[in-house]
Amino acid sequence: MAEKIELNLISGRTIQQGVSMEAGKEKPAYRDACGIIELNAADIKKLGIWQGTNVRVTSLHGTVVVKAIEGLQKVDEGMGWIPMGPWANRVIDPNTYSTGMPTFKGVKVSVTPEPSGKVLSSLEVIEEGLAL
Amino acid sequence: MSKIITDVVCPFCGTLCDDLEVTVSDDGKKLIDVSNACAIGAMKFLHSQADDRLTKPRMRNEDGSWRDVSYEEAADFSAKMLANSKKPLMYGWSSTNCEAQSVGSTIGELIGAQMDNTATVCHGTTLIAVQDVGVPSCTLGEVKNRADMIIYWGGNPAHAHPRHMSRYSMYPRGFFTAKGHRGRTLVVVDPRDTDSASIADIHLKVEQGRDYELLSALRVAFRGEVLPDVVAGIPKEKIYEVAEKMKKARFGVIFFGMGVTQTLSKNHNIDIAIQVTRDLNEYTKFSIMPMRGHYNVTGSGEVWGWQFGFPFCVDLSRGFARYNPGESSSNDLLVRGEVDSVFVIGSDPGAHFPFGSVKKMNEIPCVCVDPHITPTTVVADLHVPVAFVGVEVGGCAYRMDSVPIETHKVVDAPEGMITDEEFLNMVLERLQKIKGV
Ligand code: SF4
């Protein structure tokens, strides 16, 4: 364990994200749907972890703890997917390059195992960030 | 006893399905069941019935806890906050009806606000591109009745617009498309093996962020010119094959999503996707359409379009409408610390803005008008829950193809709750008094 890998991160919608969001963003189901990172099996192996282990995702712009799982919709080796939401938005690139649009897709991140880390609820993710 | 209401419109995504059936109690107070909707749409209706739903505005105490207040107090606070701000941001507007958006515009004009909607983190770059190069588009009805080639570029409708394929693009049998999906070719362009890609006839697994190159290569292929062996991860043979199929289609449509609007080349990706569509009209009929997310983000752009001349990023601070994405866009305004209060309605920037912007929202006065508890409410000083548009109050919304559709009320809101439009009118009245107009 304790390997560190570098990934290209993208975020976006999933149906689980949509359903759990409408059921209440303060509920655990929203955290379970969006507080995850989908990885390729090879990258999970490189990290030396089991599926469902918590990991820390860090970019130039921030850091967040999410649960690593093998892609529900397969992602290639070297790519990571966090459903859109407050977890992804802790690490995505806020630069808009004068278009108004932050760069939500194609962000360089590093991932390290953090089995003792806790995946926070959506409200806690904001509170934690504000306290920093 | 219960009754069934038919032809109900779903107020979740830009597909704006208008064939839902909702079962309600005889007295019209309880929503019992929803059919025909996808899982997300059904949840939106059912969650309105949640027992733990907030029904009263709540104001933040000094120690961070909440206290209930009346709608009158909430309107007083909002009006004072907006009147006292030098440069307030009024953001959201996509999950509410056009009637509320219109009242919001009147408020914005009165106080010289920065007005922005969720396109700013969704299809704002599309709007920029459309202004640059125009857009050959059509309605979803035309797609259903005529299209025999469907392309989803950088979008995953199986997840984001779950009934889009079954209602409009792939599966329905239309006037000239009697064979349904058997008569159509589906191409999905996505760097991931998405559920939409898995049912495609052709999946172009583009390298992430290299959409511009691939679109450019298609333009080369249309003209029969020479391509390098591989472009954006796709072998040239495949590119020639798809280009030929596009030229031979009777009527094709490119639906595009966040995969192109949110990656690095942004509006330039859309520019060239529109140019591809224009090229194809030399050979056949082709259209292009953005997969708009919120059910009425299109309406917000329409309302502002005819009121101000611009669909998002509208700066009213000088007494007339200016527009300059990058300067007058919410995230740029917030990150640079240029706004001194924020009024959020019909959206959740707390969840969907980069965290740096959320942090700035926490540093300035913030009002959030939203039926739900959301990450935005964490940074709000006042949270005003309202009735659900399309469930507890009707009103106009625009589908992703800019077709206006009237949403319906199916149940009563909990007693005492008011709508977005009513709350905005209360704020407007107070502002008019403060300003003496
Ligand atoms: S596809 Fe969109 S509009 Fe249709 S039911 Fe699902 S969420 Fe509602």
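Mentor: The model is a predicted one. The area buried between domain 1 of chain B and domain 3 of chain B is about 710 Å², and carbon and sulfur atoms give 57% of that area.

Trainee: What are the bounds of the domains of chain B?

Mentor: Domain 1 covers 2-47, domain 2 covers 58-118 + 295-435, and domain 3 covers 124-290. From domain 1 of chain B, eleven residues take part in the contact with domain 3, which for its part gives eight residues. The C-alpha centres of these two domains lie 32 Å apart.

Trainee: Why is the pair Asp19(B) and Arg163(B) called a salt bridge?

Mentor: The closest N and O atoms of Asp19(B) and Arg163(B) are 2.8 Å apart. The rule asks for a side-chain nitrogen of Lys or Arg within 4 Å of a carboxyl oxygen of Asp or Glu. The pair is therefore called a salt bridge. Between domain 1 and domain 3 of chain B the count is three salt bridges, and four residue pairs are in polar contact.

Trainee: What makes up the side of domain 1 of chain B that touches domain 3 of chain B, by class?

Mentor: That side has six nonpolar, three polar and two charged residues.

Trainee: Let us turn to the ligand. Which residues surround the ligand?

Mentor: The residues around the ligand are Cys10(B), Phe12(B), Cys13(B), Thr15(B), Leu16(B), Cys17(B), Ala37(B), Cys38(B), Gly41(B), Pro162(B) and Arg163(B). By class, this shell divides into eight nonpolar, two polar and one charged.

Trainee: How many residues does each chain give to the contact between chain B and chain A?

Mentor: Chain B gives 56 residues and chain A gives 50 residues. The area buried between the two chains is about 4,300 Å², with 63% from carbon and sulfur atoms.

Trainee: How do you know that Lys27(A) and Asp52(B) form a salt bridge?

Mentor: Their closest N and O atoms are 3.3 Å apart. The cut-off is 4 Å, so the pair qualifies. Across the interface of chain B and chain A the rule finds four salt bridges, and 17 residue pairs are in polar contact. H1(B) gives the most to the side of chain B that touches chain A, with five residues. By class, that side has 24 nonpolar, 22 polar and ten charged residues.

Trainee: What makes Asp193(B) and Lys74(A) a salt bridge, and where do the two residues lie?

Mentor: The N to O distance is 3.6 Å, which is within the 4 Å limit, and therefore the pair counts. Asp193(B) lies in the loop between strand S9 (185-189) and helix H8 (195-198) of chain B, whereas Lys74(A) lies in the loop between strand S4 (62-70) and strand S5 (79-83) of chain A. Over all chains the count comes to 35 salt bridges.

Definitions and conventions:
Residues are numbered from 1 along each chain as its sequence is written. Chains are lettered from A and ligands numbered from 1 in the order in which they are written. This is a predicted model: local features need pLDDT of at least 70, side-chain atom pairs count only at pLDDT 80 or more; totals for chains, interfaces and linings use all residues. Side-chain values use heavy atoms; hydrogens and water are left out. Domain bounds come from an automatic or database domain assignment. Contact means heavy atoms within 4.5 Å. Buried area is the accessible area (1.4 Å probe) that two parts lose on being put together, summed over both. A polar contact is a pair of N or O atoms within 3.5 Å; within protein, one must be able to donate a hydrogen and the other to accept it, and residues adjacent in sequence count only if both atoms are side-chain atoms. Ala, Val, Leu, Ile, Met, Phe, Trp, Tyr, Cys and Pro count as nonpolar, Asp, Glu, Lys and Arg as charged, and the others, Gly among them, as polar. Helices (H or I, at least four residues) and strands (E, at least two) are DSSP runs, numbered from the N terminus. A residue is near a molecule or strand if one of its heavy atoms lies within 4 Å of it.
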